[in-house]
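Dear colleague,

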Amino acid sequence: MINEEALDNLVICKKCHTLHKKVALQAKEKAFCQECNVLLYQNDPQMLDKALALVITAGISLFIAFEFSIMRIDIQGLEQTLTLSSFFSILAEHQQYVIEILFLFLLVLFPVGILLATFVLIVFMKAQKGGYLTKRLLILLAHLKPWNMVDIFFISLLVAMVKLFDVASIELGIGFMALILTLILDVIISKNLAFGELWTLHTQIYGVSDV
Ligand SMILES: [Zn+2]
């Protein structure tokens, strides 16, 4: 029978699905797949610091995206400024409550929840405290990740804009730029913060004890 610890010592290549045995890496060393040369895992001593800086920046830019104007639309002299909160009040005015709740979860609660959970996770792991809490947060984040849909909102916004360009003049606001920045940071964070490496780090900090 294969026990969990033995599985922990194996790593599968994301690209070609070759199974590799994990070896301990020195600081800043990287392990690549023998077959296709894809990066398997790395030992980046600054991973948590980098991620923390990115998460704080993403939090600020998400806040700006929520607070400031995403765009100003001018339809034949009729001007309207669209912010995320005005977007929600428009939905409420039209009694689209189901869509409103859906958007509230996808655009506000999940992204904010993910950033907040990541922030708490990194702070506790850096302080080497809260073994149980950080383990729970890692599991929670793995569940939440697929629900991070700022990118989908952004794409639907682009589609709507292309349609509006014919009939209206659109001026992009600070919120729009912040939304793009959040999106880019999001991608960088998920690239930087590999769950496999986080689990390895978790075991290194707190040990394998069943907390
Ligand atoms: Zn491979």
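**Notes on the model**

L84 lies in helix 3 (residues 84–93), where helices (H or I, at least four residues) are DSSP runs numbered from the N terminus. Please keep in mind that this is a predicted model, in which local features need pLDDT of at least 70 and side-chain atom pairs count only at pLDDT 80 or more, while totals for chains, interfaces and linings use all residues. Residues are numbered from 1 along each chain as its sequence is written.

With 19 C-beta neighbours inside 10 Å, L84 counts as partly exposed, because a residue is buried if 20 or more other C-beta atoms lie within 10 Å of its own, exposed if 12 or fewer, and partly exposed in between, with C-beta atoms placed from the backbone. Leaving aside neighbours within four places in sequence, L84 is in contact with A65, F66 and I70, a contact being two residues whose C-beta atoms, placed from the backbone, lie within 7 Å. L84 and G175 are 91 residues apart in sequence, yet their C-alpha atoms are 8.6 Å apart in space.

Which residues have the most contacts inside the largest nonpolar core? They are L54, V55, A58, L115, I122 and L179, in a core of 17 residues; a nonpolar core is a set of buried Ala, Val, Leu, Ile, Met, Phe, Trp, Tyr and Cys residues joined through C-beta atoms within 7 Å. Helix 2 (47–67), helix 4 (97–127) and helix 7 (174–192) each supply at least two residues of this core, and the largest share, six residues, comes from helix 2. Leaving aside neighbours within four places in sequence, L54 is in contact with L185, I188, I189 and N192.

Helix 2 and helix 4 pack at an angle of about 150 degrees, with their axes 10 Å apart; axes are lines fitted to C-alpha atoms, for helices over the stretch in contact, and angles run from 0 to 180 degrees between N-to-C directions. Helix 2 is therefore roughly antiparallel to helix 4, since angles under 35 degrees count as roughly parallel, over 145 as roughly antiparallel, 65 to 115 as roughly perpendicular and the rest as oblique. Among the residues making this contact are L48, A51 and V55 of helix 2 and P111, L115 and K126 of helix 4.

The axes of helix 4 and helix 5 (residues 131–144) come within 10 Å and cross at roughly 150 degrees, so these two helices are also roughly antiparallel to each other.

Best wishes
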